[in-house]
Each structure stands twice: as structure tokens, then as C-alpha cells.
Amino acid sequence: LFISCNFNETMVVGYGNGGQLLKLNDLIDQYCPNIKYMFENNPTALGASVIYDGSIYAVPAMNGNPAKVSISMNEKFLRNSGITENPKTLEALRDAMLTMLDCDANGNGTVGDEILWCAEPSAFKRQALSMVGINCYWPWEGVIVDDKDGDVYFAPTSAEYKYLLGILNELYEAGCIDPEIFEQDYNSVVAKRDANKLFICSWVDDPEIPDTYMGTPGWTWMTPVTSAVHDTPILSVGSDYQVAIGAVSKFTKYPEICALVLNFMYSKEASIVSKYGLENVDYVVKSEDPWVIQTANANVPLGYGVTPYLTPRWLTPDTFQPKTTTLQNLMESITVDYGRMGWQNYVHLSQEQSERLAELSTDLGRWCDDYWAGFVTGRYNLDTDWDAYVAKCNQLKCNEIVSIYQAAYDTYFGK
């Protein structure tokens with residue numbers, strides 16, 4: 001029995017078809033009412049658990065606090081520049097940053113020493129894509145797909161993508177975007193943020209959580225914006241579950257017992273134990289590593305199980321009840337109003353599809369990544385080089401990638 005195994009989609013398909021994992025469909029029907037209830041009330045969780053041929057080889061962990069594409073914004077930069085309202089469109093955001101260039105936006109007495117948009121490369125791309133309605137939570141490489149009303153398309157050749165590149169190039173050449181944005185790591189971003197240099201970044205510590213806040217005042221979450229090419233603001237979020245957390249070896253002598261244990265892991269009792277620990281056992285957070293809790297007998301890694309997290313570091317130690325902060329409430333409200341789950345990394349592909357996708361993605365991903373950075377920085381000209389860029393994407397078979405993801409999308413959403 002595998003608990004917290006964290007298999008990825010390729011591993012699930014490979015181990016399932018290879019005879020290492022037990023098919024769970026019949027066992028779930030007979031012995032797992034809690035899992036059936038979870039699937040009935042979370043249809044996309046079922047879609048992510050069923051592979052291309054209808055088999056279920058692993059079950060997910062539910063997470064009530066999915067990861068999000070966070071865009072932190074320092075409102076004081078706006079007010080110090082005479083801007084009284086927070087931007088509601090990409091174009092208004094652009095205009096605000098261009099205005100800030102001639103102001104003492106950070107209030108330190110010096111005009112023009114700010115870095116108005118700063119993030120790690122992947123975070124910058126996630127933030128920017130969402131501003132033109134492209135929803136992809138994990139754009140680690142150039143091969144990015146999304147859907148419009150169920151039809152999958154290749155985002156890097158879309159009109160929205162091209163429009164975004166034009167805005168970003170304007171901001172980059174004006175000096176609004178950090179020149180290190182395609183190479184820096186998170187620690188570099190934090191150092192610049194704590195020096196009161198940044199207007200927009202990927203993350204800011206919550207000032208209402210003790211011993212974590214190291215930034216400057218004025219930070220808040222930016223409300224998702226619309227643009228000239230899309231009229232529905234979105235917040236790209238990860239799934240409210242993590243796939244392939246519980247599985248059973250095909251070689252077990254006790255499949256029914258394993259199924260009953262998996263079913264128990266979705267019960268209220270198991271959730272309480274997973275979140276709060278065993279009754280009458282004291283838990284403390286180790287000072288050097290907030291992601292490890294300590295008991296009298298052992299150190300237990302803090303993370304996902306089949307049920308939700310163990311106790312996070314920001315829970316009060318006396319009652320183990322979450323502290324609700326202003327920023328947390330704001331992000332929850334934004335997520336409810338604008339959140340849209342990125343499905344791209346939760347679909348299951350067959351072995352053949354995975355191998356073909358990997359084959360196609362290598363050269364195409366490098367090509368798109370190079371031109372993403374090149375168009376933003378002006379190394380490539382959007383007016384003269386765009387058509388050749390798109391033609392090369394087609395030559396590298398971006399349409400075949402769309403077909404692969406369309407089939408996986410249809411399975412995922414039960415079409």
C-alpha cells in the first residue's frame with residue numbers, strides 16, 4: 001500500500017500498464033464509499049484519476065488551499081505617484097508604471113530608482129499570461145496550451161500572446177521590467193523587495209503572521225485584470241487536489257484491506273489525525289526548518305498525505321486553529337471570484353502520447369522560450385519576426401501537440 005507516494009501522471013500510466021499497480025475501479029466500487037463520494041462531488045478529481053483507458057491506478061489528495069498565481073503589488077507606489085485607483089486593466093497597469101518612472105514612487109527621495117515589475121522567470125510568465133486570459137498554472141517550458149470553451153489551442157502563437165508581448169516589450173524598453181527577470185532566482189527578488197525597490201513581485205510575506213514578514217509596508221494582492229483582448233479576469237490556480245497520492249501494489253495479498261485503508265484516509269477521523277496529529281501527543285515546530293514538526297519520538301515531514309496537510313506553521317500552537325489575516329481573506333475572496341484551475345498538468349496521457357509529447361516538446365519548447373524572452377527584450381522584432389516565428393512553430397508540429405492535449409482534455413472532463 002502506497003501512501004503519499006506522489007506519483008506523477010507518467011509514472012501512474014507506466015506502473016499501471018506495466019503491472020506494478022493494482023487497478024482500483026472495482027475495489028473503489030465495493031469498499032470505498034468515501035472515495036466514491038469524493039469523486040461524485042469533485043468531478044475533475046475523478047477526471048485526473050482516470051487514465052486514457054478508464055482505469056484508476058491511484059487516488060488523489062484533497063487540498064482546500066490550492067496554490068495560486070500570486071501577483072503582489074505595493075499600493076504605496078501608486079499613491080506616491082498620484083494614482084488614486086488600482087489598475088483594473090493591463091493597459092491601465094502599463095500606464096501606471098510608465099507614470100511611476102517620473103515619480104518618487106517608493107518615497108525614498110530619489111526619482112527613478114524603483115524596479116516596477118520583478119519576479120523569477122516562471123512566475124513572471126505566469127503573471128503575464130493571466131493578464132490576457134491565458135490560463136496555465138505551470139508554464140515551465142515554451143509548450144503552453146489552454147482552451148477556449150473546450151477547444152484546446154497553442155497559446156504561444158495566439159493573438160492574445162502576441163498582444164501581451166507588445167505590452168511587455170514597451171514596458172521593458174521603458175525600464176519598467178527588471179532586466180534580470182529572465183535569469184534571477186527567488187532570493188534575488190526578495191532582496192530587492194526588502195530594499196523597497198519593487199512595485200510588483202511574485203510573493204510577499206504576510207505582515208500579520210509573526211516572524212515571517214520582512215518586507216516594506218503597503219503590499220496587497222493585485223486583483224486580476226482584463227485587457228483589450230479578453231474581458232474576463234482570471235486567477236490561475238492549481239488544483240484543489242494532488243493526483244496520485246494513494247495506490248496499491250498489484251502484488252499485494254490483501255487488496256480488500258488496502259482498499260479499506262484508502263477509504264479510511266478520506267474519513268473525518270483520518271483528516272483530523274492528519275491535520276492535528278495524534279491525540280495527547282504534543283507537536284512543536286523546529287526553529288531551523290518550519291516544514292518539519294517534532295514529537296517526543298520522531299521528526300515528521302510536513303506535507304501532503306491522502307488527506308489534507310499536517311499543521312502548517314501559521315496555526316496557533318495552543319488551539320491549532322488557523323489565524324485569519326487580512327491578506328488571506330483578500331486572496332480567498334479573489335480566488336472565489338476569479339479563480340480558474342489550470343488543467344494542463346493534471347491530465348493523464350498514454351505512454352505513447354507521453355513519449356510523443358516529450359519528443360515534440362524539446363525543440364518547440366526551446367524555440368518558444370527563446371522568442372518569449374527575445375520579443376520582450378527587443379532582441380526580436382514583433383512586427384517583422386512574428387510570422388517566421390509562427391511558421392517555425394507549425395513546422396515543429398505545435399498542432400500535433402494540441403491534438404494530444406485535446407484528447408487528454410476530453411477524457412479529463414468526461415467528454
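Modeller: Strands (E, at least two residues) and helices (H or I, at least four) are DSSP runs, numbered from the N terminus. Keep in mind that this is a predicted model, where local features need pLDDT of at least 70 and side-chain atom pairs count only at pLDDT 80 or more, while totals for chains, interfaces and linings use all residues. Residues are numbered from 1 along each chain as its sequence is written, and side-chain values use heavy atoms, with hydrogens and water left out.

Let's start with strand 5 (residues 145–148) and strand 6 (residues 151–154), an antiparallel pair joined by four bridges. Look for Asp147, and you'll find Val152 of strand 6 opposite. These two strands form a hairpin with two residues between them, and Asp149 there has a positive phi near 55°.

Now move over to strand 7 (residues 198–201), which runs antiparallel to strand 3 (residues 72–74), with two bridges joining them. Ser72 faces Cys201 of strand 7 across that pairing. Strand 7 also has two bridges to strand 4 (residues 115–117), but here the strands run parallel. In this pairing Ile115 sits opposite Leu198 of strand 7.

Next, follow the chain to helix 13 (residues 351–377) and helix 14 (residues 382–395), which pack at about 170° with their axes 11 Å apart. The axes are lines fitted to C-alpha atoms over the stretch in contact, and the angle, from 0 to 180 degrees, is taken between N-to-C directions. Helix 13 and helix 14 are therefore roughly antiparallel (the label for angles over 145 degrees).

Ala391 counts as partly exposed because its relative accessibility is 44% (buried is under 20%, exposed over 50%, partly exposed in between, with a 1.4 Å probe and protein chains only). Thr157 is 234 residues from Ala391 in sequence, yet their C-alpha atoms are 9.4 Å apart in space.

One last stop is helix 10 (residues 255–264), whose buried residues are Cys258, Ala259, Leu262 and Asn263. They span an arc of only 140° around the axis, so they lie on the same side of helix 10 (the arc is that of the directions from the helix axis to the C-beta atoms).

Key:
Angles under 35 degrees count as roughly parallel, over 145 as roughly antiparallel, 65 to 115 as roughly perpendicular and the rest as oblique. Two strands pair if DSSP finds at least two bridges between them.
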